Structures are given as structure tokens and as C-alpha cells.
Amino acid sequence: MTETRFQEIDIFEVECEYANEAAYAYLFNSLHEIEEMEELQSPIPQTDNSNIGTSSSKTGIAEQPSEDAHELVRRRMGDLACNKAGMQGLDTEKINRIIYEATKGTPFFENEARKDTAVSVRIEKLKERYETLKKRDIFTFAFTVDKIIQKYERERDLSRTIVHIDMDAFYASVEERDYPHLKNVPIAVGDNMMLSTSSYEARKYGVRSAMPGFIAMKLCPQLVIIPCHFDKYTAVSNKIREIFARYDPNFSPVSLDEAYLDITNYLQITNKSPEEISQQIRNEIFEETKLTASAGIGANMLLAKIGSNINKPNGQHFLQKNYECIMEFMRNLPIRKVPARLSAEKSNPASIGKVTERILGALDIKTCADIIDKRLYLYRLFSEHSFNFFMRAALGIGSSITPIEIERKSVGVSRTFSSPIRPKDRLSKLRQLCELLATELDKENVSGKTLSVVFKEVSFRTFTRARTINKYIHSADNLFHYSRQIVEAEMPTDLRLMGIRLTKLRPRDTEIKSGVKRYFPVIGSGSCKKICSGSSNGKKSVESVKTSKPTTSATNSRSKWHEVPAIAQFFKCPRCERQYINEKIAHINEHLDQCMINNAHPNDNSNELIMKTNSDPTIGGSGITLDTLENVACGRTNEVICHQDSRTLIEILDEKDQQQHDGETVELLSTNVALKNVKKTRSLENSSDTENILNVQQIITWECPKCQKNFNRPTLMRINTHLDVCLRKKVTLRSRR
DNA sequence: CGGATCGAC
DNA sequence: CTATGTCGATCCG
Ligand SMILES: Nc1ncnc2c1ncn2[C@H]1C[C@H](O)[C@@H](COP(=O)(O)OP(=O)(O)OP(=O)(O)O)O1
Ligand SMILES: [Mg+2]
Ligand SMILES: [Mg+2]
Ligand SMILES: [Mg+2]
């Protein structure tokens, strides 16, 4: 196999810094020859069906003869039963049969069946395109694809050590601890309608998260169901976070029961091995909470997260920071195990769940090695983003930068009613939801301008209706005023659930933070400010960590470039307050870039475009020097500064806006002023938008110089692909990095 | 922008 | 009898 390498592979090997023969033989062993680059324009199925989120026409599909409803249950309900930790060797046949018997014929089941056939249709279409592609010379794209892979490979960072820690059967373990007589009996937390989680004892029976209690009781009649005590879990969560902070003040919590820690720096001051540290953390957790946790250790978040599940419960897994080990580790990994959190800038990028597993399964992709093998097809069949995701996952490339503070982007509430509500009762329920949402918004001290209402009919059909309002709102009265218009426009059917959600959020107050005191170190306080999404059955769910955002004072637009020592003893990012102790300057700079880019280009994932269009060498690098460490040190680009300025202005304008809303008694005056402000806000927003567009200079249309074919909003990658085909020679638009 | 869908906890 | 609540992300028209 290593014989018939073609030209492109040689290039790859020459350029790649991680050159390693064995690993590459593995990586490329699926490629054979590539000969004629045929002109393949017309009949190529247009790429871009997506991995997720296709909302395509779901017309009344000529209902397939219900390809065996039992199968459906196995797919839709039973999937997690075998997947989740602590589920090996149980009688899945029996479990599926019981679930099926308890489920069939219910509206819930019918809805699941409907969704299932929608996915089936999607898969059929995909397979069609796949078959078409198979008849062609897919290796036409080998060069482009491997060029891209090469790019990912260059991003691989093996310098850090990340630990992912996740509590075992979290809610259930807390209850077991507090009610010792429940030890060794199967328990679950939740109620008859819905379970949040189950103990490992109960998992032996197939009882699991997101299963209704009454089904669980059929699976396991002895099951003890404990109601949710959310405040207890929050308290425990705070305790373990204290522990996390001892090892990484910037640890990144994912939920109440799990977090990522970057222990690279801690390792340097202890002489202990990563495994010992991980064990030590888990020991401390047990001593201080009497609960067990599992851990995964790896070079990045992806590997750590996968690892934490391997020896669950109460175990840990260590993966060496070594290319061969990583590839060997990923090779046989079922794709379903690929978790979220591959990238630092987005909190939860796509991951492989039930549907994506089925879709890839249709292409005979079951393991990560299969992803590599089929990469040329994946490239043609899926969106650029999905391809990117699949490849990086399969290569075991994830972010080794634990995410920075993530701003909450929406706040919402929803309720399933004890019995379906008639159309005439909608408004009173809506009113209650608005009150609830208003209190949540108060806790966060935000307002927002897009309001969505979600409806779930008794048939379980769910849909949403949204509207963007002229102004920012947050009061229950305003929420109700606008949401009722949405509700009243809908068909008067019976509903089993209603919900409302506010997006396009903005801080409500504009108090000017002095900006000075927050730059002083608060050693050991572990001021981790990420907002976590809590979840619960009970009503009093919402846990929220207040995010006091450093409203950026435009003080230090310029920072000097001095000679930079390799290590900073202490640094605190002026923007997100992340603390660094004994950290390499390079890493801090990387963070600063991330942090600023995030705020400047919230939608842009592609450095390539930024790099390409920004020829100014100062752009893309922010530097710090030691003498400015304790103060601010973000010499950042002009456009960011402008952006921040305009945001500040908007906030100030809106403060007036808010005052008007509170005095809603004077209707006329209020609307006048509101109108005025809206205009200003708009123009400001527009200007900041165009700014972003200018920075990125997104290519709207592109015409191939050779064949004159026009492309709509092409990415660099697509252009490359086309050029590969259109021109006989390979043309690659390189971006500098 | 609005709406559907996927995925996680 | 009876199938949660909350959030982020992507994609398409
Ligand atoms: N679908 C869900 N709905 C509501 N709450 C959930 C759901 N899934 C999980 N939770 C809550 C309860 C869990 O104890 C807690 C942590 O989730 P998670 O870590 O995935 O499972 P777990 O801690 O219960 O078991 P494991 O040992 O597999 O980690 O979040
Ligand atoms: Mg857990
Ligand atoms: Mg968890
Ligand atoms: Mg997964």
C-alpha cells in the first residue's frame, strides 16, 4: 500500500512537521492512485447537504410500510441504553421489548416515528449522492482534502495536559450519599414523568437519563425514584469547583458535575505525574464530598473527554501526549463516542449523536478510522463545517485551550402542563411564563430584543414562532405584550407545552466599572465565570453565576513591544479575567487573540479569511510585555476597538430606553423616545456590522477565471475544490499563518 | 431573520 | 395515564 503513493502525499510528508512513517501509512492507506483529473462539473451532486440542521421539506412521506416499529424503538429509545457507561452486558433485547410494549401506539411514539422517517428520507438522499460519487473519480479531490488535513495537523498541539472530570451518576450519587439505606438498591432521580439520571445499580436494568419514570418502573419494579434536590447538587458542584481551582484557576466548567482542567502548569511545580494529579483530585473530591468522579487525561479536551468515560465509574484513563498513541486510540473508537467541545471558541460545537451516527453509518462509517478512510466522500457529501469537524475528531485533534468565558445568548422558560390546555387558556399560561422569564432576566440583569414562543401540541408536534422587536425588553409586562401577539396569531389547538425565550441579549445596566481594581490579582479565588446550563426536574432550577463584564475602558489602546520573557508569573486577562500563573507568554498571547477575536468576529470560524484579507501585519497578533502584565496589555487591532466603542454607545443609549420602558404610563412620550433611540441604535449596529464585513471581506460571488462559472458565497475551500477540477494543475490559495 | 433539527446535561 | 427543561450551534430558504 505504501507503494502507490502519489505526488500529493509526498508533498504532505515533506511539509508535515509530525512526519512519522507508520502513522501516515495508517492515515493514507485508503488512497490508491489518482490519475486523470476528469472534468466533472455537471453531474456532480451538489455538495452541501448538512450534517445537522437540514430543515428540508418534510412532506407527507408515503409512509414506508413501517419497516418494523420494533427497529425504531431500538434506534430511538434503546440507543443510549447500551451506549452509556455502566451498561455493558445487559439484556438489551428484553429492555427494548419492554420499552416498545409500553410505548407503541402513544402520541409520543407516533411523533418519534415521524421524526425517524424524516431521518430515513434524509439518509436515502444522501446515499443517492454517495452512489453517484462512487462512480466517479473521487481522488480528484485528494490533493485539496489532504491539504486541508495537513492544515489541521499543523494545529495539533501536544504541549498541554488536559483533565476532564465528571461525577459518577451525579444526582443519584448525591441522593445515595444522603440516604444511606439506598446504597446498593437501584435508584433514579426525577419523578414518574421524567428521570434526570439513575444509579449504576439501576442502569443494569436499562434505566437511564431522559427516561420517564413509569417506563423505568416497568424495567425495574424495585426502582426507587427520588425527587430532584437541585440546591444540594449546586452545593456539591461548588465544592468540587473549589477543588478544581486548586489545580487550575481557569478550569472550565461544563455543567454542575463536570469540568476541564489544564494542569500543564501545575505539573511543573509538583514532580508528580498527570495520573497522580488526576487521582489526587479525585481523592480530594471523595474526601470532601463522599462522591466518586471519573477522569480522562489527554493532550486536548476531546481526548480528555473521551477518556473520562472509559473507566467510569470511579476510574480514570490516561492517554499519552504522543501522536502514535493518539492515532491508535482514535482508530477503533466508535464515532458515537466523539464528544462535543472540539474548539475553544464555541461552547458546544456539533458532536456525533444518534442521528449523525445513523447518517455516517449509511456510508459504512462506524469508527474514526472509517472517517479517515472515507474522507474524500465526506468532503463531497457534507458541508465544510461538518467535514472539518469529522476530520479533526478522527485525528484526535481538539482544542487544548480551555474555553474562555462564554456569554449567555438566550434565556427561556417552558412548561409541560399537567393536562393539555385549551386555546382559551393560552394567555393566562403565557402570562405566568412571562413572569417566570422576567425573574430569570432579572437575575442575569439582561434584556433582549428577539422573543420566541415554542408550542408543543398534544401530538408532540413542536414548532416555534419568533419576532424581533424594535427595542430591548425584559419586564413581564413587555414580554407578555409581545408574546401574546405571537400566540394569538397561531391556530387554536390544544397544547401540552408552551415556552418563551429571549435572545439577542444585552446587559441591562451601563454602570461604568472603575476598571482599576479588577486588575489586581485575587490569588486562589478561582474566579471562574462561565455560565453553565443547569437542568433539573424541579421548578427552582436556575443556577447562574453572575457575569460582571469588564466594560472595556479604552485606556490602553497601545501597548509596547518589549523583549518578552518566556514565562509570566502572573497574568490576568483584562477582558475575561482568566488568571495565568507561571504561564508561557506565547500561550497567554494565544489566549488574548482568542479572547479578542471572539468578541470581534463572533460568527467567524475561519482564520483563513481574516488572515487573507488583513494584510496589516499588526492584525492577528496581540502582544503583552511583562511591565504591562499587571495592567492591561491588549494591543489589538483598530476594528476591535471601534467595535467595542460602538457597543458601549449602544448600551448608553439603551439605558435611556430602559428608563422609558419603566415609565410606561406616559404612552406617547415613551414611544417617541423609543423610536428615536431605535434609530440611533440601528445605525450604530449597522455600522458595526459593516465593519465586520469589511474585516472579513467575505467573498459574495466568485467567477472562475477559466470556465467563468459563478459561485455564490464560496469559501476558500470550495474555490480550491473547483480549481482542482477546472484547471488541470492544482492551484491552492494559500493563507499565511 | 425565522424556523427546524441536532446534541448535551 | 403518563415522555423534562435549558441552552448552543448549524443550515436553509
Ligand atoms: N436528559 C437530561 N435531562 C435532565 N437532566 C439531566 C439529563 N441528563 C443529565 N442530567 C443531569 C443529571 C445528571 O446526574 C447530571 C450529570 O449528567 P451526566 O454527567 O451526563 O450523567 P451522570 O453524572 O448522571 O452519570 P455518568 O456517571 O454517566 O456521568 O445532569
Ligand atoms: Mg456525570
Ligand atoms: Mg456530566
Ligand atoms: Mg457523542
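**View 1. Arginine 578 sits in the loop between β13 (567-572) and β14 (579-584).** The model is predicted; local features need pLDDT of at least 70, side-chain atom pairs count only at pLDDT 80 or more, and totals for chains, interfaces and linings use all residues. Numbering runs from 1 along each chain as its sequence is written, chains are lettered from A and ligands numbered from 1 in the order written, and side-chain values use heavy atoms, without hydrogens and water. Strands (E, at least two residues) and helices (H or I, at least four) are DSSP runs numbered from the N terminus. Relative accessibility of arginine 578 is 8%, so this residue counts as buried (under 20% relative accessible area; exposed is over 50%, partly exposed in between; 1.4 Å probe, protein chains only). Its contacts (heavy atoms within 4.5 Å) include Asn250, Thr402, Phe571 and His591, leaving aside residues up to four places away in sequence.

**View 2. Asp166 (OD), Met167 (O) and Asp257 (OD) coordinate the magnesium ion (ligand 2) at 1.9 to 2.2 Å.** Donors are N, O and S atoms within 2.8 Å of the metal (3.2 Å for Na, K and Ca); water is not among the atoms, so sites may look incomplete. The site is octahedral, with angles of 78 to 177° among six donor atoms (six donors qualify if opposite ones are over 155 degrees apart and all others between 65 and 115). Methionine 167 belongs to strand β1 (residues 162-167) and aspartate 257 to the loop between β5 (252-255) and β6 (258-262), so the pair ties together parts 90 residues apart in sequence. Both residues, methionine 167 and aspartate 257, are buried. Aspartate 166 also coordinates the magnesium ion (ligand 3), 3.5 Å from the magnesium ion (ligand 2).

**View 3. Arg336 (O) and Ile352 (O) coordinate the magnesium ion (ligand 4) at 2.6 to 2.7 Å.** Arginine 336 and isoleucine 352 are 16 residues apart, in the loop between α15 (323-331) and α16 (354-362). Arginine 336 and isoleucine 352 are buried.

**View 4. Leu378 and Phe382 touch the most other members of the largest nonpolar core, which has 49 residues.** Such a core is a set of buried Ala, Val, Leu, Ile, Met, Phe, Trp, Tyr and Cys residues joined through side-chain atoms within 4.5 Å. Helix α19 gives the most, six residues. Leucine 378 touches Leu360, Ile371 and Phe390, among others. A second, separate core of 35 residues includes Ile165 and Leu261.

Methods
Four donors count as tetrahedral if all angles lie between 85 and 135 degrees; four count as square planar and six as octahedral if opposite donors are over 155 degrees apart and all others between 65 and 115; anything else is irregular.
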